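Here's a quick tour of some charged pairs and a pocket. Have the viewer open and follow along.

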Amino acid sequence: MLNLKRLEHLVVIAQEHSFLKAAQRLHLTPPALTRSIQTLESTLGLALLNRSHEGVSLTDAGELVVQRANRLLGDAQNLKNEADQLRGVQTGQVNFGVGVFPAAAFLTGVLIHQARERPGLKVQVDIGSWQRLLGKLERHELDFVVALTQSLPPPQDFQIQALPSQRFAFFVRTGHPLLAMGAVRQLAAFRTYGLMGPQLPRKAQENLCALYGIEDVQALPMALVCDEIHVLQAVVAASDHVLLATHEGMHSCLTQGRVQVLRHVQYAQAQPVGISVVHHRQRSLSPAAAWFVELIGQSLSGQWPPEG
């Protein structure tokens, strides 16, 4: 009889192309993982993997089995989510990812509200770049991701739900020399200062290249690349570096007067950038995850505090 765990083991090996990496991710020993795959191959009567010094690859039969396994594992997760729905949203597990700047705009308030209203929920949050979070979403490690996705649209097999947009800008410490300059001087001098920000997708890097008048993204004057917003906020407030961030993500610093916006230097013509909730099209969100998505939307829409 087929075992879903063994199918999951095969899918992870196919993703990692390595028994060792797959075993680490699955929290198994390599021999135990090897035995699991051997049992699966014996059950199906098929050779599923090609093993060599260069790594592991799927046989033709393995490719077909992995495709079917992904559907079966997705169906099993849907069944679990529907069972959760019968129990309600008071208990359960929610794993989601959030981009660096969206997290700064809503995450703390949302988690405080959840801890007070739904304390039985177990929550795991991963904050980071959309590129990395997309990989975790594709591997079914996250229920959903909230991120700025314009520069790297998700594949077609993902459901996208639009949330209120955010506005990018360049920020400097209060008292920074750039703030005293007019438009022409500010733009010219801006290019001489170190730039900070999170890990950016290729399209965002190209937008910066256009602003700097260069073609090679490697030539961008990135003084600090960091996916921790509080570190970026602290460094920009205490140095002459320039930070690319969103108004919403920098709200507390702006309110406290620690930083100011460069009015004469604009990123991508200062157009609002849409935030999206992204999740697998074939996997229904659990009631707890759907409750979180609704809560996040209320927070970003200014409907705060929410009811219940």
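Arg-173 is partly exposed, at 22% relative accessibility (buried is under 20% relative accessible area, exposed is over 50%, and partly exposed is in between, using a 1.4 Å probe and protein chains only). Keep in mind that this is a predicted model, where local features need pLDDT of at least 70, side-chain atom pairs count only at pLDDT 80 or more, and totals for chains, interfaces and linings use all residues. Residues are numbered from 1 along each chain as its sequence is written, and side-chain values use heavy atoms, with hydrogens and water left out.

**Arg-173 and its partner**
- The side chain of Arg-173 meets that of Asp-240 in a salt bridge, 2.8 Å from N to O (a side-chain nitrogen of Lys or Arg within 4 Å of a carboxyl oxygen of Asp or Glu).
- Arg-173 sits in strand β7 (residues 168-173) and Asp-240 in the loop between α9 (229-237) and β10 (242-246), so the pair ties together parts that are 67 residues apart in sequence. Helices (H or I, at least four residues) and strands (E, at least two) are DSSP runs, numbered from the N terminus.
- Asp-240 is partly exposed too, with 34% relative accessibility.

- The structure has 10 salt bridges.
- Lys-5 and Glu-8 pair up through their side chains at 3.3 Å, N to O.
- That pair is about one helical turn apart, because Lys-5 and Glu-8 are 3 residues apart in helix α1 (residues 4-16).
- Lys-5 is exposed at 51%, while Glu-8 is partly exposed at 27%.

**The largest pocket**
- The largest pocket holds about 850 Å³ of space. On a 1 Å grid over the protein atoms alone, a pocket is an open set of points where a 1.4 Å probe fits, with protein on both sides within 12 Å along at least five of seven lines; lining residues have an atom within 4 Å of a point. Points are joined across faces, edges and corners, and the volume is the space filled by probe spheres set on them.
- It has 26 lining residues, and the closest to its centre are Glu-8, Gln-77, His-140, Glu-141 and Arg-283.
- Helix α4 gives the largest share of the lining, 8 residues.
- The lining has 7 nonpolar, 10 polar and 9 charged residues (Ala, Val, Leu, Ile, Met, Phe, Trp, Tyr, Cys and Pro count as nonpolar, Asp, Glu, Lys and Arg as charged, and the others, Gly among them, as polar).
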